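Please prepare a short briefing on the structure shown here, with the criteria behind each term stated.

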Amino acid sequence: MAAGVGGHERLINGQGLEVEGKITAAVVITCIVAASGGLIFGYDIGISGGVTTMEPFLQKFFPSILKNAAGAKTNVYCVYDSQVLTAFTSSLYVAGLAASLGASRLTAALGRRNVMVLGGFTFLAGAAINGGAQTIAMLILGRILLGFGVGFTNQATPVYLSEVAPPKWRGAFNTGFQFFIGIGVVAANCLNYGAARLEWGWRLSLGLAVVPAAIMIIGALLISDTPSSLVERGKLEKAKKALAKVRGKEADIEVELADLVKSSEIAKAMNQEPFLTIFERQYRPHLVMSIAIPFFQQLSGINIIAFYAPVLFQSLGFGKDSALIGAIILGLVNLASILVSTAVVDRYGRRLLFIEGGAQMFICQVAVAFVVAAAAGTSGTRHISKEYGASIVALMCAYAAGFGWSWGPLSWLIPSEIFPVKIRTTGQSISVAVNFATTFILSQTFLTMLCHFKYGAFLFYAGWIAVMTIFIVFFMPETKGIPLNSMHQVWEKHWFWRRFVTVQP
């Protein structure tokens, strides 16, 4: 637990002994390199929506969309309503779902770092196939390989960051993953803006995904695995060296190392299948959070807006260039807001950011719905003026900011920090799988929903944002500053969850 006030906290482990919480150059560098795993996910999120607005790409693979767009009185809500087009985007998430579930065993057996490397190579292969695609089948094959790559890295990286970071600053370090996702989104949107002017620009956009993959692979090969993972795999000497490196030469690492060894021995002594263990009553709160947090994150609508920002803006009457610029602006706002989260998450806690961000996103989604209704009309055939267009962009920027300092980084942080070591990789796998499953369903249905719900699609997401904010108020305990192996204390003290957990001595 954490004792004291303000920034002068002593971090106490489950045995009542003090744990070092010092920030060292080594831990900063290690966490930055590991967090760069978010680049590949962010690049893919950003690149997909932009490519699907490029005429040469649509002409080659989806000519029917161009015919729809050329209609005399096209309903702006329905221009891009194509199940084949959404299959191109969402096929990645089916593969990511499968990979994330399998990654639990791989991460436990091979280590966090090695699974990140494996994910990077898989993503690189998918990027090469997409860049040279000649048929829709090749496109979707490439997307599936990209999905496996993202599934592996999204499972391993948040766990890596939570295990390496000092407990007092775990939130700040873990937000690095979301920050690199944001960098990937912005880089992809900027590239799309330039590539849109080239006949073969879509190949450039898709093929250059090999660059973030290569950066991640090289970075991962230069860092060691986490002390927790090394202890779990019986490599005690390497674990000791890794712990000494990230905590500093002068740090007393024996207490933390002993805590890791004890937790690992307890887990091995139980000798239970982790996917069965996690369904036990005492882990009910952990399981609920690992499902609810990523589920709600996607139902905030953020990834749908990120995927389809250029398509969405173009559907709402913006020109092609204006749509891509709007997507870049959204990405930059999101990126800046993640830095806000990094600065305050370990000072003011997770709950405050969740609640404030949820309220802000709710207001913005409702406002967007009303502005779009007034601008495009119920029929969707009315041209959107520049004034209304500017209002839509401003509201979406405020929405992206609210997400960027709350549900964006915290949805990766919470599942990676609440589980005991014996089911940590399993819990993270379930969390990532839920994220991918929900994203797949929403990305496969959003353009159809926009066509049929019209401006009501934004009210749909606003309703879910209200639900998830209420959920946080009543059921999410504060986890800031708690060492990973002492996290059981927050459930034992919670008004609702304490009835499920077994009090540990």
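This is a predicted model: local features need pLDDT of at least 70, side-chain atom pairs count only at pLDDT 80 or more; totals for chains, interfaces and linings use all residues.

Residues are numbered from 1 along each chain as its sequence is written, and side-chain values use heavy atoms, with hydrogens and water left out.

**Whole chain**
- The protein chain contains 23 helices and three strands, taken as DSSP runs (helices H or I, at least four residues; strands E, at least two) numbered from the N terminus.
- Of its 505 residues, 59% are buried, meaning under 20% relative accessible area with a 1.4 Å probe, protein chains only.
- Among contacts (heavy atoms within 4.5 Å) between residues at least 6 apart in sequence, 81% join residues at least 24 apart.

- Because 14 of the 14 residues of α2 are buried, α2 is largely enclosed by the rest of the structure.
- Helix α22 (residues 456–475) reaches 29 Å between its first and last C-alpha, close to the expected 28 Å, and its buried residues include Phe458, Tyr461, Ile465 and Met468.

**Helix pair α1 and α8**
- The axes of α1 (residues 25–35) and α8 (residues 170–195) come within 8 Å and cross at roughly 35°, with axes being lines fitted to C-alpha atoms over the stretch in contact and angles running from 0 to 180 degrees between N-to-C directions.
- In this contact, Val27, Val28, Cys31, Ile32 and Ala35 of α1 meet Phe173, Gly176, Phe177 and Phe180 of α8.

Key:
The expected span of a helix is 1.5 Å times one less than its number of residues. Buried means under 20% relative accessible area, exposed over 50%, partly exposed in between (1.4 Å probe, protein chains only).
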